[in-house]
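Student: I have a structure open and would like to learn how to read it. Can we go through it step by step?
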Amino acid sequence: MNRDSKSDPTTVFSQVENHPLVTWETLAHFQYDAPDWDEEQNPKLRLKKKKPNIPDFIKRLNGTKVAVVGFMIPLETDEKENKALSFILAMSRATCCYGIVPKMNQWMYVEMEKGKEADDIMDIPVTVFGTLEVGEEIAKSQGWSLYRMVSDKVSVQNQHIIWEYK
């Protein structure tokens, strides 16, 4: 594990199936505020403001193929409702409608690549493989997001990964 200092996140990543494994320790390392009520009602207000800094080491991940481990919260499923087509990948299992509201950099919106689907798996860590998109965006169906991914694979076989919380 390489660190620039004791407070910096890992920026040299181990590999999982030829993908850099980007941890939530890295993705959620910095302060990032969600849009306020006025910005929710009028997204142009948010877009006009000077955006909080996204660290350069995070910006450099934009457009790269990565693996991220987290907890699935299905949003859209197939007709049989056992395969997820889109979902939230959350840092914490406590994130749900009755749990802790995550900060914007503690979750990502994941959409499965066209023609792909994932088993609808909740309450156990999954590894999601795909292309990461970094940057604030608003979509009518998903709301604001900081991280998005188009995934080509979701796996539960990499449970050797150890979670660290500070």
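This is a predicted model: local features need pLDDT of at least 70, side-chain atom pairs count only at pLDDT 80 or more; totals for chains, interfaces and linings use all residues.

Student: What percentage of the residues in the chain is buried?

Tutor: Buried residues make up 39% of the 166 residues. A residue counts as buried when its relative accessible area is under 20%.

Student: How many helices and strands does the chain have?

Tutor: There are four helices and eight strands. Now read along the sequence. The pattern is β-β-α-α-α-α-β-β-β-β-β-β.

Student: Which strands join, and how do they run?

Tutor: Look for bridges, then check the direction. Six bridges join β3 to β7, and these two strands run antiparallel. Within this pairing, V69 stands opposite T127 in β7. Eleven bridges join β7 to β8, again antiparallel. There, I138 has W144 in β8 as its bridge partner.

Student: How many bridges join β4 to β5, and how many join β5 to β8?

Tutor: β4 and β5 share five bridges and run antiparallel. I88 stands opposite Y109 in β5. β5 and β8 share four bridges, but these strands run parallel. In this case E111 stands opposite V150 in β8.

Student: Is β5 largely enclosed or open?

Tutor: Count its buried residues. Five of the six residues of β5 are buried, so the strand is largely enclosed by the rest of the structure.

Student: Which residues of the largest nonpolar core touch the most other members?

Tutor: That core has 31 residues. L27, V68, F87, L89, M108 and Y147 touch the most other members. Next, ask which elements supply the core. α1 (24-27), β3 (65-77), β4 (83-90), β5 (107-112), β7 (126-139) and β8 (143-155) each supply at least two of its residues. Another core lies apart from it and has five residues, among them L21, A67, V69 and F129.

Student: What does L27 touch, leaving out residues up to four places away in sequence?

Tutor: L27 touches V22, I58, L61, V68, N105, M108 and Y147. Now widen the view to contacts in the chain between residues at least 6 apart in sequence. Of these, 65% join residues at least 24 apart.

Student: How do I read aromatic rings?

Tutor: A pair of rings is described by the distance of the centres and the angle of the planes. Here, a search of the whole structure finds zero aromatic pairs.

Student: What lies over the face of F129?

Tutor: K153 does, at 5.3 Å from the ring centre.

Student: What about backbone angles?

Tutor: Most residues other than glycine have a negative phi. E17 is not a glycine, yet its phi is positive, about 50°. D123 is not a glycine either, and its phi is about 75°.

Student: Where do E17 and D123 lie?

Tutor: E17 lies in the loop between β1 (15-16) and β2 (19-20). D123 lies in the loop between β6 (118-119) and β7.

Student: Why do E17 and D123 count as partly exposed?

Tutor: Partly exposed runs between the buried limit of 20% and the exposed limit of 50%. E17 has 38% relative accessibility, so E17 counts as partly exposed. D123 has 46%, so D123 counts as partly exposed too.

Note on methods. Residues are numbered from 1 along each chain as its sequence is written. Side-chain values use heavy atoms; hydrogens and water are left out. A nonpolar core is a set of buried Ala, Val, Leu, Ile, Met, Phe, Trp, Tyr and Cys residues joined through side-chain atoms within 4.5 Å. Buried means under 20% relative accessible area, exposed over 50%, partly exposed in between (1.4 Å probe, protein chains only). Contact means heavy atoms within 4.5 Å. Rings of Phe, Tyr and Trp (its six-membered ring) pair if their centres lie within 6.5 Å; planes under 30 degrees apart count as stacked, over 60 as edge-to-face and the rest as tilted. A charge sits over a ring if NZ of Lys or CZ of Arg is within 6 Å of the ring centre and within 35 degrees of the ring normal. Two strands pair if DSSP finds at least two bridges between them.
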